[in-house]
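Trainee: Please give me a close look at a single part of this model. Keep it brisk.

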Amino acid sequence: SGVMISYNRRFMEMWDIPPEVMRSRTDEVALQSVIDKLVEPREFLDRVKHLYEHPEEESRDEIHLKDGRTFDRYSAPVRGADRVIYGRVWYFRDVTGRRRTEENLRRAAEETRRAYEDLKQTQEQLIRSEKLASVGMLISGVAHEINNPLNVMYGNLQLMAELEKSLLPGARTKSKSKAGPASAAQVRKFRRMIRDALRAA
């Protein structure tokens with residue numbers, strides 16, 4: 001019937017309800033005194049109305065206040081010894097600290113996950129860099145291994161090109177010599193081979 005049978009001091013302190021409101025023992029007056037403190041007053045009142053219209057129903061939800069607090073609200077029917085419902089109990093618990101802790105933990109977990117992803121990405125980049133460095137060292141080693149014998153070959157070819165005039169005098173003139181025409185052609189071919197080898201080197 002909307003009459004408050006009993007209440008405690010903690011309830012009054014949580015909701016900051018004046019003593020004269022509670023002395024009226026009227027549910028409607030008490031509700032009106034707290035309605036401006038709620039983030040969702042319409043939802044709050046609708047839930048109260050629904051539970052009064054469904055006396056056998058139990059309910060548990062959270063209420064958010066404008067001052068940043070969060071209340072856990074539990075309501076259940078009050079039964080007599082004969083199991084007849086003659087009222088409803090309302091239980092409120094301030095869970096603001098717990099909710100803030102949970103939110104902080106959630107944020108910390110999200111930050112940890114992001115840090116892990118960043119670390120993973122950095123590690124992958126480091127592995128790629130190490131692979132590139134290894135490939136660079138390999139290429140440098142291969143180039144060194146190729147350059148060493150190539151330099152020897154190139155140096156020897158240059159020396160052969162300089163010495164061929166003095167070592168092969170028979171090819172200096174097109175006139176017949178002791179070496180004969182065939183030998184002169186071979187010398188020209190030999191000179192071409194040296195020039196081709198130098199260009200290739």
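How many bridges join β1 to strand β2 (residues 70–79), and in which direction do the two run?

Mentor: Six bridges join β1 to β2, and the two run antiparallel. This is a predicted model, with pLDDT of at least 70 needed for local features and 80 or more for side-chain atom pairs, while totals for chains, interfaces and linings use all residues. Residues count from 1 along each chain as its sequence is written, and side-chain values use heavy atoms, without hydrogens or water.

Strands (E, at least two residues) and helices (H or I, at least four) are DSSP runs, numbered from the N terminus. Strands pair if DSSP finds at least two bridges between them. Here three strands form an open antiparallel sheet, ordered β1-β2-β3. β1 (59–64) and β3 (85–94) are the edge strands, each pairing on one side only. Between β1 and β2, aspartate 61 stands opposite arginine 73.

Helix α4 (residues 41–53) packs on this sheet, touching β1, β2 and β3. Touching means heavy atoms within 4.5 Å. The 13 residues of α4 should span 18 Å at 1.5 Å a residue, and the end C-alpha atoms are 18 Å apart, which agrees. That expected span is 1.5 Å times one less than the number of residues.

Phe44, Leu45, Val48 and Leu51 are the buried residues of α4 (under 20% relative accessible area; exposed is over 50%, partly exposed in between, with a 1.4 Å probe and protein chains only). They fall within an arc of 125° seen down the axis, so they line one face of α4. The arc uses directions from the helix axis to the C-beta atoms. Their cover includes α1 (9–15), α3 (27–34), β1, β2 and β3. On the other side of α4, Arg42, Glu43, Lys49 and Glu53 are exposed.

Technical notes:
Axes fitted to C-alpha atoms, helices over the stretch in contact; angles between N-to-C directions.
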